[in-house]
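Q: Could we go through the packing in this model? I would like to begin with the core and then turn to the helix pairs.

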Amino acid sequence: MTTIVATSEEDPVLAVVRFTSELAWADAGPEVAEPQVTRLYIEAQDCMVMNRWLDLASLLLTSADLIVSRVSEKDLECIFSVICNLVTRASTPDEELEMAKLISAKVVQHPNDKPVWRLKILFNLYNLLENAHSRFLVYSKALNLAARGKVTESIIPSFKKIDSFLQEWNIGKTDQRELFLTILNVLKDKSMVKDSFAFLTKYLATFSGTGDESYAMNEAKEEAVRAVIEFVKSPDIVQCDLLDMPAVGQLEKDGKHALVYQLLKIFLTQRLDAYLDFHAANSTLLKSYGLVHEDCITKMRLMSLLDLSSNESGEIPYSVIKDTLRITDEEVEYWVVKAITSKLLDCKMDQMNQIVVVSRHTERVFGLSQWQSLRSKLGAWRGNIANAISTIKANKISEEGLQAMQGLVIR
């Protein structure tokens, strides 16, 4: 953060008023400039005496706006540092919010002129604010500025902290949705498909399907379709909970998008043969969404292999893999290795017995039943640990007793 170091007893705010007003009126000549500078200086003093910080911020911003093209970025940073610091003098959260609105609105007026510098000012302002609503406002302004000014690389790192930000801001569903949509579009423009998809699912998860959300959820249909298509297209995303989301579930009975929902269900709950049947009947539809049949087959083979891996025995015969994936005997191990290198499976191939022994697999859907299964496994694991500890203690007690008896015999 840049700070003003005063070289005299003059308040930094008044120093900025004098500097900006003198520069703003410099072309008018001393006869006109001096009275105007004096007027602005006195007005600023009055604002400070009367604690009219919002009026003072407005006065400073008006003068600063007139000299943006005349001074260096370093000088501008100093000027706006003083202006931003005014929010710390606000007497109420509402006053702070109004000052944040005023300052951020001025900063983002010209997003293509010095966008990095403007973002820096907004970040400085954000860190000075105490009100959660003020902080959300400024972050939203910064996000939109970064997108319009094409400097999103400066704000993308902050996306990793969005969950903690949301807890702090405590904003409503409407604001969350707008935020998620902006972020996912920024990430998509940067070809960060997996991250973009994560925020798309966050957006869709905000719709509960209850109360008066029917209209809003209807507006989310296109985004729900977008999520399904992105999931099917992406070779790196094999797990999602889209089927549990009301915003996606509404597609099932929708006259226009029912087939898209059916496609999602195939990829998350069925095997390759179901996809091939679907493609035979709807190849034109798939092409209209930019889906490549060969890529879909590749993904469905991996998804089918994951489905086979969910077998409780943990063993999959080579012959079953061959038939399910519709491949040759020679290709079985290739697809198993492909699943391992994609970190979808941990397994060993028993070539002698022609079986694959699975120790871990990725779940395509992680819903209530998966949580219950995990809880059951953890319960069994804790039970085994408790039994092991009991056995060790019992053995230790027996050993100590034996040693005591041996001691008595020796004496």
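Q: How many residues does the largest nonpolar core have?
A: In this predicted model, the largest nonpolar core has 126 residues.

Q: Which of them have the most contacts inside it?
A: Those are Phe-159, Ile-162, Phe-231, Leu-242, Val-248, Tyr-275 and Ile-321.

Q: What does Val-248 touch, leaving out residues up to four places away in sequence?
A: Val-248 touches Leu-204, Ala-224, Val-228, Leu-242, Tyr-261 and Leu-264.

Q: On to helices. At what angle do H10 and H12 pack?
A: Helix H10 (residues 193–205) and helix H12 (residues 221–233) pack at about 145°, and their axes are 10 Å apart. Their crossing is left-handed.

Q: Which residues make that contact?
A: H10 contributes Ser-196, Phe-197, Leu-200, Tyr-203 and Leu-204, while H12 contributes Glu-223, Ala-224, Arg-226, Ala-227, Glu-230 and Phe-231. By class, the contact of H10 with H12 comprises 7 nonpolar, 1 polar and 3 charged residues.

Q: And how far apart are the axes of H2 and H3?
A: The axes of helix H2 (residues 30–49) and helix H3 (residues 53–66) lie 8 Å apart, at an angle of about 155°. H2 is therefore roughly antiparallel to H3.

Q: Is the crossing left-handed or right-handed?
A: H2 passes H3 in a left-handed crossing.

Q: Which residues meet there?
A: From H2, Leu-40, Glu-43, Ala-44, Cys-47 and Met-48 meet Trp-53, Asp-55, Leu-56, Leu-59 and Ser-63 of H3. This contact of H2 with H3 has 7 nonpolar, 1 polar and 2 charged residues.

Conventions:
Residues numbered from 1 in each chain as written. Predicted model: local features only at pLDDT ≥ 70, side-chain atom pairs only at ≥ 80, totals over all residues. Heavy atoms only, no water. Axes fitted to C-alpha atoms, helices over the stretch in contact; angles between N-to-C directions. Helix = DSSP H or I, 4+ residues; strand = E, 2+ residues; numbered from the N terminus. Parallel < 35°, antiparallel > 145°, perpendicular 65-115°, else oblique. Left-handed = near helix turned anticlockwise from the far one by under 90°. Contact = heavy atoms within 4.5 Å. Nonpolar A, V, L, I, M, F, W, Y, C, P; charged D, E, K, R; others polar. Core = buried A, V, L, I, M, F, W, Y, C linked by side-chain atoms within 4.5 Å. Buried < 20%, exposed > 50% of the residue type's maximum accessible area, 1.4 Å probe, protein only.
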